[in-house]
Amino acid sequence: MQAQTLTGGFAHPSTDAADAFRGVMEALARPGSIHTLTGALPPAPLSSAAGAALLTLCDTETPIYLAGATDCAKVRAWIAFHTGAPLTGPAHCMFALGTWDALPPLSAYPVGTAEYPDRSATLIVECDVLLNAGATLTGPGIRETAALSLPETQAFQTNAALFPLGLDFLFTCRDRIAALPRSTKVL
Amino acid sequence: MSDYNFAYLDEQTKRMIRRAILKGLAIPGYQVPFASREMPMPYGWGTGGVQVSAAVLTPDDRFKVIDQGADDTTNAVSIRSFFERTAGVATTTATTEATVIQTRHRIPEVPLAEGQILVYQVPIPEPLRFLEPRESETRKMHSLEEYGLMHVKLYEDISRHGHIATSYAYPVKVEARYVMDPSPIPKFDNPKLGGCPAIQLFGAGREQRIYALPPYTRVVSLDFEDHPFEATKADHPCGLCGADDSYLDEVIIDDTGGRMFVCSDTDYCETRQAAGHRGKDAA
């Protein structure tokens, strides 16, 4: 076991997680808004924001799917030590982690059922850039419109059409996070 | 600080509640099941709201608790001191200074702002429960958007009383999809649910449900074209501060039928009195 596996967690698990959750919640409640998540130092290629989101939301009850380059020994060991979350394939995951190129096909993820739409996956999308520019967003949480640099628009329009089913997305870039719930319409 | 974990609950419980809150925000008005814990207070005293507050509080927050609008009632005082002790957060009674407000059955009179979070204590989260007791059926009705029964209930109100007599826990439709119980707030408060800049979270501890309204969500009170929704209140000004735009409590003041009407929102009333406003019953 490498030293890096054991380090990089929250220094103050209780209050750091509380601060990080506020960032995640504000991001999801106000789609397109960008917030800062700090406190986690996960191994490459994970961003610190993605690491903080994992530490805040994942534990032994949340199967995680690691897509593409994130599925490496260092990341697996870090997640196992700090969260205890089981790793699984896309069909049974509650959280998925990877770049936009590595995550598709989106049809592989659970979108919930008509009676339990909450039983759906949350995808943590690692991004190179995260800006308030690009696609125009409307919907709950947005006063009029918001803008966010989405990797594409078609997939999110398809996802929003499934409402109340669908996937929810967290976009992470270094220590920054934004979100796109299924309720948001992408113009 | 104290010997408790920050905000009382253990971290795994908070993660579970936090995941439920996020799904609730992603599906506005939908009731997310969660594994409600036993809290050191009886069911019906705000165990759902307390668990949601525990999951969202950060050390930098300023916490306010109201019970029917009042900061100084038993429920409000004990929950406020609970989090003073277990989370070490600052508390306040001023609506404008609070970042997290836990409420039992009222929305503050002062409009909320971005950055604020309103946490509701909910006794019965299912708006259809008194019409259909089976959870398996109400869940199906929500999935099929089968809300005709609710309109029949409101119609029966009209046929019996001549108007929609439902005065609290008045059902709303969220983003033209889910019918939601706004908790037993007076229908006077219903117009404040929609387009609100703050995040609104609802926690039902005994019934194990969490639901949410993101900011600026469209919320419509159910009604009929010929019987439109009307936010009602007692037709008096406040006896202490003279406000004629606030929700009022009727208070019996003697044995001979004497009564007065006062703001239910104590902070609103006190702020107005401090600014020099006086009602007819003010000393």
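This is a predicted model: local features need pLDDT of at least 70, side-chain atom pairs count only at pLDDT 80 or more; totals for chains, interfaces and linings use all residues.
**Entry 1: B:Ser246**

Skipping residues up to four places away in sequence, I found B:Glu109, B:Phe188, B:Lys233, B:Cys263 and B:Tyr268. I then checked where B:Ser246 sits, and it's in the loop of chain B between strand 10 (219-221) and strand 11 (248-252). Is B:Ser246 buried or exposed? Its relative accessible area is 0%, so I wrote it down as buried.

**Entry 2: B:His105**

Next I looked up another loop residue. B:His105 lies between strand 4 (100-104) and strand 5 (117-121) of chain B. I got 11% relative accessibility for B:His105, and the cut-off for buried is under 20%, so B:His105 counts as buried. Leaving out neighbours within four places in sequence, B:His105 is in contact with B:Gln68, B:Gln121, B:Pro123, B:Pro184, B:Ile185 and B:Pro186.

**Entry 3: chain B as a whole**

I zoomed out to chain B. I listed six helices and twelve strands there. Buried residues come to 56% of its 283 residues. For the contacts with a separation of 6 or more, 61% are between residues 24 or more positions apart. The C-alpha atoms fill a box of roughly 55 × 55 × 35 Å along the principal axes. Does the radius of gyration agree or disagree with a compact globule? A compact globule of 283 residues would have one near 19 Å, and chain B has 19 Å, so the two agree. I also noted an accessible surface of about 11,800 Å² for chain B, with 50% of it belonging to carbon and sulfur atoms.

**Entry 4: helices 1 and 2 of chain B**

A reminder to myself: two packed helices are described by the angle between their axes and the distance between the axes. From helix 1, the contact uses B:Lys14, B:Ile17, B:Arg18 and B:Ile21, and from helix 2 it uses B:Gln51, B:Val52, B:Ala54, B:Ala55 and B:Val56. I sorted these residues into six nonpolar, one polar and two charged.

How many residues of helix 2 of chain B are buried? Ten of its ten are, so I called this helix mostly covered. Among them are B:Thr47, B:Gly48 and B:Gly49.

**Entry 5: across the chains**

Helix 1 of chain B (residues 11-26) also meets helix 3 of chain A (residues 48-57), with axes that come within 8 Å and cross at roughly 110°. That makes this pair roughly perpendicular. Chain A brings A:Leu55, A:Thr56 and A:Leu57 to the contact, while chain B brings B:Arg15, B:Arg18, B:Arg19 and B:Leu22.

Most residues other than glycine have a negative phi, and most peptide bonds are trans. I went looking for exceptions.

- B:Tyr8 has a positive phi near 70°. It's in the segment before helix 1 of chain B and is partly exposed at 26%.
- B:Gln208 has a positive phi of about 60°. Its loop runs between strand 8 (199-204) and strand 9 (209-213) of chain B, and at 33% it counts as partly exposed.
- A:Pro104 and A:Pro105 are joined by a cis peptide bond, omega about 0°. A:Pro105 is in the loop between strand 3 (95-99) and strand 4 (122-126) of chain A.
- A:Phe163 and A:Pro164 are joined by a cis bond too, omega about 10°. A:Pro164 is in the loop between helix 5 (154-161) and strand 7 (168-173) of chain A.

How values were computed:
Residues are numbered from 1 along each chain as its sequence is written. Chains are lettered from A and ligands numbered from 1 in the order in which they are written. Side-chain values use heavy atoms; hydrogens and water are left out. Axes are lines fitted to C-alpha atoms, for helices over the stretch in contact, and angles run from 0 to 180 degrees between N-to-C directions. Helices (H or I, at least four residues) and strands (E, at least two) are DSSP runs, numbered from the N terminus. Angles under 35 degrees count as roughly parallel, over 145 as roughly antiparallel, 65 to 115 as roughly perpendicular and the rest as oblique. Contact means heavy atoms within 4.5 Å. Ala, Val, Leu, Ile, Met, Phe, Trp, Tyr, Cys and Pro count as nonpolar, Asp, Glu, Lys and Arg as charged, and the others, Gly among them, as polar. The radius of gyration is taken over C-alpha atoms; the globule rule is 2.2 Å times the number of residues to the power 0.38. Buried means under 20% relative accessible area, exposed over 50%, partly exposed in between (1.4 Å probe, protein chains only). Accessible areas come from the Shrake-Rupley method with a 1.4 Å probe; for residues, only the protein chains shown count as cover.
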